[in-house]
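Hi,

Here is the structure I promised to send over. Have a look at it first, and my notes on its charged side chains follow below.

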Amino acid sequence: MIRIVTDSAADLTARDLEIPGVTVVPLGITFADGTAALDDGSMTKDEFFTRLAEDSKLPRTSQPSPASFIELFEEAADAGDEVIVITIAQKLSGTYQCANLAAAEADAKVYLIDSETAAQGEAIIVREAIRLREQGLSASRIAAELETFKKRVRVVAIVDSLKHLQKGGRLPAAVAIVGGALGIKPVLALFDGAIHLVDKGRGRPGALVAMYRQLDKLGGVDPAYGYTLLYSDDKQLTAPVHHYLHQNLHLTGGRVGQIGPTIGTHVGPGVVGVAFVTPAQ
């Protein structure tokens with residue numbers, strides 16, 4: 001069997017987690033008072049955002065230990081299975097490096113993929129791996145296909161503020177200033193392993209229009225893969241985005257996924273966005 005391993009930054013849905021042979025390695029969260037937790041579902045996403053709003057300081061996220069990957073790889077080796085590992089972009093986390101260290105210590109055949117994305121973008125790549133596995137492709141072929149496929153994955157989102165990303169070291173302070181200027185809401189895109197400030201709008205209505213513009217600028221949406229709406233703490237924010245994609249772009253096959261603690265720590269509340277796949281060139 002081919003096992004598919006990812007990390008909690010992918011924010012897989014309950015339905016994804018029911019698929020046999022799919023395992024999630026959780027990242028860690030440490031709050032300002034020293035309380036530590038794993039991003040493993042023991043704290044719900046809504047509970048996390050409530051805590052995030054209450055605390056005066058941002059929590060810290062931590063990558064999994066190599067030991068957590070080694071255990072999974074050894075189980076696979078004992079069963080004679082191969083492993084495909086899909087991690088959050090290594091420019092955003094040390095998770096890829098931990099998995100790489102573990103793979104070097106394990107006897108299992110491990111194929112390691114830097115997703116170059118996160119959240120529902122990472123989940124899209126995991127689902128593509130599952131689809132290719134169901135088609136009967138070998139692990140090496142799936143890994144090769146994913147290396148090409150991941151270059152087509154995009155995430156574009158509106159954030160209320162860039163302060164969380166800046167404090168977490170994911171954006172320089174000069175860029176973060178944009179988020180606090182005169183009610184301007186930033187539009188971010190995640191692709192090629194990095195977060196990009198791609199547009200901005202005045203208030204949420206202006207930011208939504210700016211985000212819609214980016215769908216074309218970032219390459220357009222391949223209808224064969226549908227799309228995934230993502231949000232942090234308020235699911236109602238996805239309603240106008242769903243309406244635009246359905247009525248204006250005539251897209252179907254949409255999913256909705258809530259951002260979890262790993263990514264939520266860095267983007268904060270009030271986030272809404274779209275993860276999608278661009279058409280093949």
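A search of the whole structure turns up 14 salt bridges, each one a side-chain nitrogen of Lys or Arg within 4 Å of a carboxyl oxygen of Asp or Glu. Bear in mind that this is a predicted model, where local features need pLDDT of at least 70, side-chain atom pairs count only at pLDDT 80 or more, and totals for chains, interfaces and linings use all residues. Residues are numbered from 1 along each chain as its sequence is written, and side-chain values use heavy atoms, with hydrogens and water left out.

Helices (H or I, at least four residues) and strands (E, at least two) are DSSP runs, numbered from the N terminus.

D160 also forms a salt bridge with R204 (2.8 Å, N to O). Here the partner sits in helix α9 (residues 203-217), 44 residues away. R204 counts as buried at 19% relative accessibility, while D160 is partly exposed at 30%; buried means under 20% relative accessible area, exposed over 50%, and partly exposed in between (1.4 Å probe, protein chains only).

Elsewhere, E145 and R141 pair up at 3.0 Å, N to O. They are four residues apart in helix α6 (residues 139-149), so about one helical turn separates them.

Cheers
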